[in-house]
Protein chains: 2
Amino acid sequence: MGNKLREAVELFEEVMIYGTERVLKSVDDPIWREYSPEQIQVMKIIGKHGPISSGNLAIMQGVHKSAISNRLKKLQEKELVQAAKSGVDQRTKLIELTKKGETVVHQSNEVLYGYIEHLLEEHVEEGEVEQFVKTFRKLKEILKLGEEDK
Amino acid sequence: MGNKLREAVELFEEVMIYGTERVLKSVDDPIWREYSPEQIQVMKIIGKHGPISSGNLAIMQGVHKSAISNRLKKLQEKELVQAAKSGVDQRTKLIELTKKGETVVHQSNEVLYGYIEHLLEEHVEEGEVEQFVKTFRKLKEILKLGEEDK
DNA sequence: TATAGTTAGTTTAGGGGGTAAACTATAAAA
DNA sequence: TTTTATAGTTTACCCCCTAAACTAACTATA
């Protein structure tokens, strides 16, 4: 067991940590230049979730609330997000995407998906896809992804 | 093919991009607090490669030379790296780890490996390890990792 | 050899990212 | 009401990154 596990750990580090960086840097598109990954990510979250508070965004992105505050300020200046009419609590303001924001999210998805799809399609055989999906599902489970929402 | 590939792409994004972030944030160790991931990474490269020029480091880390210049300056102040006696070309200065630097790299490896090992050991069955290794090897190949050295 | 061009690294300016702590405003509890 | 808690914003300070200007050293060429 030990040796195989050791190899798995090393591969995990190489691929997940350094490999991911490389993938992100290889995606070369104007939209990637204009908005930071964090900005895109927060917009994606808002898009999926619908109007959401600043505090929730901080939790979901795993950063300090002041970081989100700053991020949203920049996005508002660029007119990508806006405050929806607040709910019961006057302190919280719900954030939502503007039309422009939706467009940017959509474009960004196209670019990233296109890139990854191209990558996989070119290098992974028909029969291997199943294997990939299986391993990644497991990984997703291990990393407890998808539990971020509340 | 289409659907499976689509799922693979989505999983790839979720796991690789957002999952990796999460893993890195979960590693909670003083050494992670004291030195940035970029600083640790560059020290690892120097450790593996041996005395190396600033320019080569920039290429290997995939950043601008000025970023490396700055990084090395900070590491020198912390006495983690030092300039070895330069080679033929008086403009290039070869960088190497100090004893302290070696220690930090070693500690950092222990922490990260320990964390990942724990993660895999706890969630992955004996028989699944083989599967993991296989998929990751393929991924490493796809991402063309390990070709960075010249 | 003297001049011109190239290359390795450093500096500086400016824009991201992040945290902690202080501060404002609103809500909830005593 | 008075006090305590909570949502967000600001401010101060740090790291990361790039581009462009600049120094020093090496190379080529007239």
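**View 1. Surroundings of DNA strand D in the predicted model.** DNA strand D is surrounded by 24 residues. The closest of these are S53(A), G55(A) and S66(A) from chain A, with H64(B) and Q90(B) from chain B.

**View 2. Helices that form the surface near DNA strand D.** On chain A, α4 (54-61) and α5 (65-77) each give at least two residues to this surface, as do α3 (37-49) and α5 (65-77) on chain B. The largest share belongs to α5(A), with 6 residues. By residue class, the surface near DNA strand D holds 12 polar, 9 charged and 3 nonpolar residues.

**View 3. Helix α6 of chain B and its buried residues.** This helix runs over residues 99-123, 25 residues in total. From first C-alpha to last, α6(B) reaches 36 Å, close to the 36 Å expected at 1.5 Å a residue. Buried positions in α6(B) are G101(B), V104(B), V105(B), S108(B), L112(B) and I116(B). The buried residues of α6(B) pack against α2 (30-34), α3, β2 (81-83) and β3 (94-97) of chain B, and also against α1 (2-26) of chain A.

**View 4. Contact between chain A and chain B.** On the side of chain A that touches chain B, α1, α6 (99-123) and α7 (126-142) of chain A each supply at least two residues. The largest share of that side, 18 residues, is from α1(A). The side of chain A that touches chain B is made up of 24 nonpolar, 14 charged and 6 polar residues.

Definitions and conventions:
Residues numbered from 1 in each chain as written. Chains lettered and ligands numbered in written order. Predicted model: local features only at pLDDT ≥ 70, side-chain atom pairs only at ≥ 80, totals over all residues. Near = placed C-beta within 6 Å. Helix = DSSP H or I, 4+ residues; strand = E, 2+ residues; numbered from the N terminus. Nonpolar A, V, L, I, M, F, W, Y, C, P; charged D, E, K, R; others polar. Expected span 1.5 Å × (residues − 1). Buried ≥ 20, exposed ≤ 12 C-beta atoms within 10 Å, placed from the backbone. Contact = placed C-beta atoms within 7 Å.
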